[in-house]
Amino acid sequence: DPMDLKDCPLGLPVVGSLDHARSLPRYTALVNNEGVSMEELDGLQLELELLLSSVLVRQMAFNNQLSIIYQLEKGKYVPKPAVSPGKKMKREEGDRPSKKMKDSSGKSREVLSSPGPPPGVKPSKVKCSVQKYEPVFDVPDLGPPEQPKPPPPKNDITNRFWAYVEQYCQEITVEDIKMLEDMINSPSEDSDYFKTPPLGRHYTLRWAQEDLQDEQKEGMKLAEGKKKGIKGDPSNSDLSDKLLKEVDMNGCSDDVAPLGPLTQRLIAGLVEENVLVSDIENKGVDGLGHTRPGMIKSLGLGSASSLEKRIKKELQEQGVMETDYGNEDDEDEILSELRRCQSELRAVSAHNVTQLTRLLNLARESLVRHDLKKRLRDADQKVVEAYRTIAAARQKKKTPSKKDKDIAWKALKDREVIVRQLDLASNNNC
Amino acid sequence: MGKGKDKNLGSPKRSVDSPKSPKMRGSESSPSFRRDQVLRLDPLPPISVTPYPLSTSTEMAMAMSSEAQALQDRVKVLSDLVRELQKARDDNIPHMNSINALSDKIVNEEKLTVSNRTKLKMMYEKAVGDAEKEVALVKKALATVYQIRNIRHELRIQAKNSGNKETIRRGALMKMLLNCAQTLPLWIGNTGEKPPPLCGAVPPEQNYVAKVNDMVACLVRGSEGEDNWILAEVVSYNTTTNKYEVDDIDEEQKERHTLSRRRVYPLPLMRANPEVNPEALYPKGSIVMALYPQTTCFYKAVINRLPTLTTEEYEVLFEDPTYADGFSPPLMVAQRYVIQIKEVSKKK
């Protein structure tokens with residue numbers, strides 16, 4: 001049974017002999033009996049090697065195709081190999097050959113049948129040279145991880161150590177202080193987190209509306225497919241709202257919907273049991289709804305939850321029930337969780353602020369010390385210079401001049417002052 | 001304005017105007033089927049070899065030698081071999097054309113029938129045999145080239161020893177190094193054979209000892225105490241002490257070093273063919289030691305591009321702290337002068 005070409009794993013390679021007239025001039029000269037000079041011998045060797053390589057490539061291609069055919073004959077399934085430039089000419093660096101592939105296969109017929117150089121050659125060569133320099137940017141990623149150990153840079157390990165330690169030991173700068181201040185002052189954005197968002201629409205209602213809208217959209221799509229000309233209903237959402245309200249009404253109809261627990265207890269207390277039909281234990285207040293439909297609704301009490309709240313409030317005002325401020329909130333698990341998280345956030349922020357302030361103070365102090373150290377360095381310089389002048393003078397067997405001596409003494413005294421200041425500053429902090 | 005219907009409608013495009021020419025016929029592949037392109041369409045890049053620097057006096061001495069006649073004989077043999085090779089290649093072309101024609105037919109039919117598959121199989125098998133014959137002939141031609149080169153090498157040594165002692169100047173040394181790298185023999189194995197040690201990137205065997213006159217890279221201590229990997233030639237190997245005696249290739253140094261085996265690494269003896277044995281090349285991105293161009297020292301480098309043809313070199317980036325990104329711009333180094341990075345523990 002014939003196999004479809006698109007399932008065929010064979011490459012059906014286009015084969016041929018290398019055009020030596022174009023590629024191998026020294027070889028061609030030899031073929032044409034023009035002999036070879038000794039200087040050309042090396043070039044001839046390289047040409048022969050290239051020729052050999054092309055034949056080997058061709059041979060490999062045939063062998064590959066043959067092995068696929070043998071497998072097909074045995075009835076084995078051979079997957080179609082991925083088309084990749086590497087497979088085509090057994091080259092590893094796909095950049096250049098893939099461009100050549102595109103050029104050549106794009107030009108198809110004309111290229112193959114004409115002996116002259118195809119128009120694609122020059123551009124592809126230019127592309128090659130451009131390609132060569134692109135990968136430079138790839139490599140630095142490889143470089144740093146392979147940091148050197150042996151020659152030529154000697155003792156690089158110590159440099160690396162100091163570079164690493166530097167981030168911990170370096171001087172604090174003004175920018176660092178500014179950063180700390182910013183960090184302390186910034187968390188005003190958290191104020192949003194502390195607000196308790198109002199209760200939204202209950203999710204059942206929202207989902208019901210969304211489901212209804214989706215179904216309407218589906219319906220509209222089908223309708224539009226069949227009959228063009230049906231306008232999209234702009235009052236879509238209104239329609240769904242109305243539907244839902246009806247559902248709502250039906251679902252929450254006070255005739256049969258359960259009333260809140262407080263309400264139930266109150267009514268149970270107020271209404272004598274004998275009035276209710278005997279088999280009503282489980283139905284409770286609902287029985288009323290059954291016998292007199294519409295009665296409760298007509299009382300205009302509103303929904304069950306709001307009724308519950310009003311009753312509770314009334315009872316608390318009358319002093320019948322204890323006012324439990326926390327009660328209501330506790331019933332809402334989500335709200336309590338929210339409150340808990342907020343308090344945690346507050347605590348953490350406060351802690352952060354204290355720590356940052358502490359850091360800031362330390363940084364400010366160390367900045368002061370940094371200045372002192374700088375001045376100390378300068379003073380040291382002066383002392384060293386003074387020493388040098390005196391030493392030079394002594395070398396020349398001259399007693400140093402009074403001026404030099406004065407400079408030296410002054411430098412020394414200044415330095416001592418700074419050192420004392422520095423000590424004081426350090427002692428304050430340690 | 002319509003020219004009417006597209007006249008190709010209903011039939012695949014055919015190369016209606018191609019007569020039976022010995023050149024390759026067009027491959028009208030249906031857009032969905034991509035065929036492998038094994039035949040190289042563009043000409044190979046031109047080969048330029050750095051000539052081996054010979055002074056005129058040496059040349060003359062060589063020409064006048066008694067061996068000169070042997071050279072001419074070899075050249076004649078080479079010439080005959082090449083012609084025989086070309087004839088074999090010409091003979092194989094019609095068969096390759098018929099393979100292409102059958103492939104075209106299959107592509108046009110858009111399916112592979114069992115009979116076509118069998119036909120293809122037989123054609124491929126014949127083609128493999130043809131290719132083997134070509135390979136054998138090319139190998140013979142190459143062998144003759146090597147013979148000629150060996151004779152010339154002998155002549156050169158004779159000329160040198162007979163009083164033509166000139167120290168090689170640096171410029172000539174560099175040319176010699178380049179020529180040597182370019183003409184290093186290419187390893188050619190039989191189908192499926194693995195490249196041997198010291199072919200391209202294949203490492204030497206564990207207990208390999210470099211032979212006399214082989215080129216090696218060795219780690220020597222300079223005058224200021226710094227270690228460098230330099231290019232050198234083996235003078236001798238002492239089996240009792242297990243140490244090499246090497247000569248710095250730069251004769252100006254005139255230094256003979258005695259080094260332990262750990263400090264000597266042999267250079268590859270053969271080039272690897274990137275088209276057939278890519279596994280014998282250093283992969284892109286690998287760290288190697290490479291000879292810095294125009295010097296005789298090896299430095300740490302990273303492979304940026306591999307050679308794609310036997311005549312091509314590696315493109316490497318040398319580690320260089322003087323550049324912003326830590327690496328030199330890409331430089332070309334021949335296969336012969338790229339070796340494995342060797343960490344030598346110092347100071348035993």
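At 26% relative accessibility, B:V209 counts as partly exposed, where buried means under 20% relative accessible area, exposed over 50% and partly exposed in between, with a 1.4 Å probe and protein chains only. The model is a predicted one, in which local features need pLDDT of at least 70 and side-chain atom pairs count only at pLDDT 80 or more, while totals for chains, interfaces and linings use all residues. Side-chain values use heavy atoms, with hydrogens and water left out, residues are numbered from 1 along each chain as its sequence is written, and chains are lettered from A and ligands numbered from 1 in the order in which they are written.

B:V209 lies in the loop between α4 (170-182) and β2 (215-221) of chain B; helices (H or I, at least four residues) and strands (E, at least two) are DSSP runs numbered from the N terminus. Neighbours within four places in sequence aside, B:V209 is in contact with B:Y237 and B:Y244, contact being heavy atoms within 4.5 Å.

Of the contacts in chain B with a separation of 6 or more, 62% involve residues 24 or more positions apart. Chain A contains 18 helices and 1 strand, with buried residues making up 30% of its 430 residues. In chain A, 68% of the contacts between residues at least 6 apart in sequence join residues at least 24 apart.

Helix packing comes next. Two packed helices are described by the angle between their axes and the distance between the axes. In chain B, α2(B) and α3(B) pack at about 160° with axes 9 Å apart; axes are lines fitted to C-alpha atoms, for helices over the stretch in contact, and angles run from 0 to 180 degrees between N-to-C directions. The two helices α2(B) and α3(B) are therefore roughly antiparallel to each other, a label for angles over 145 degrees. The crossing of α2(B) and α3(B) is left-handed, that is, the near helix is turned anticlockwise from the far one by less than a right angle. Their contact has 22 nonpolar, 7 polar and 11 charged residues, with Ala, Val, Leu, Ile, Met, Phe, Trp, Tyr, Cys and Pro counted as nonpolar, Asp, Glu, Lys and Arg as charged, and the others, Gly among them, as polar.

In chain A, helix α8 (residues 174-185) and helix α17 (residues 333-395) pack at an angle of about 160°, their axes 9 Å apart. That makes α8(A) roughly antiparallel to α17(A). Residues making this contact include A:I177 and A:L180 of α8(A) and A:L356 and A:L360 of α17(A). By class, the contact of α8(A) with α17(A) divides into 11 nonpolar, 1 polar and 2 charged residues.

The largest nonpolar core has 38 residues, of which A:Y27, A:L44, A:L48, A:L51, B:L78 and B:I148 touch the most other members; such a core is a set of buried Ala, Val, Leu, Ile, Met, Phe, Trp, Tyr and Cys residues joined through side-chain atoms within 4.5 Å. Elements giving two or more residues to this core are α2 (25-31) and α3 (41-73) of chain A with α2 (68-109) and α3 (114-161) of chain B. The largest share, 11 residues, comes from α3(B). Beyond its neighbours within four places in sequence, A:Y27 has contacts that include A:L44, A:L48 and A:L51 as well as B:V82 and B:L85. A second, separate core of 37 residues includes B:M176, B:L177, B:V202 and B:M289.

Definitions and conventions: Parallel < 35°, antiparallel > 145°, perpendicular 65-115°, else oblique.
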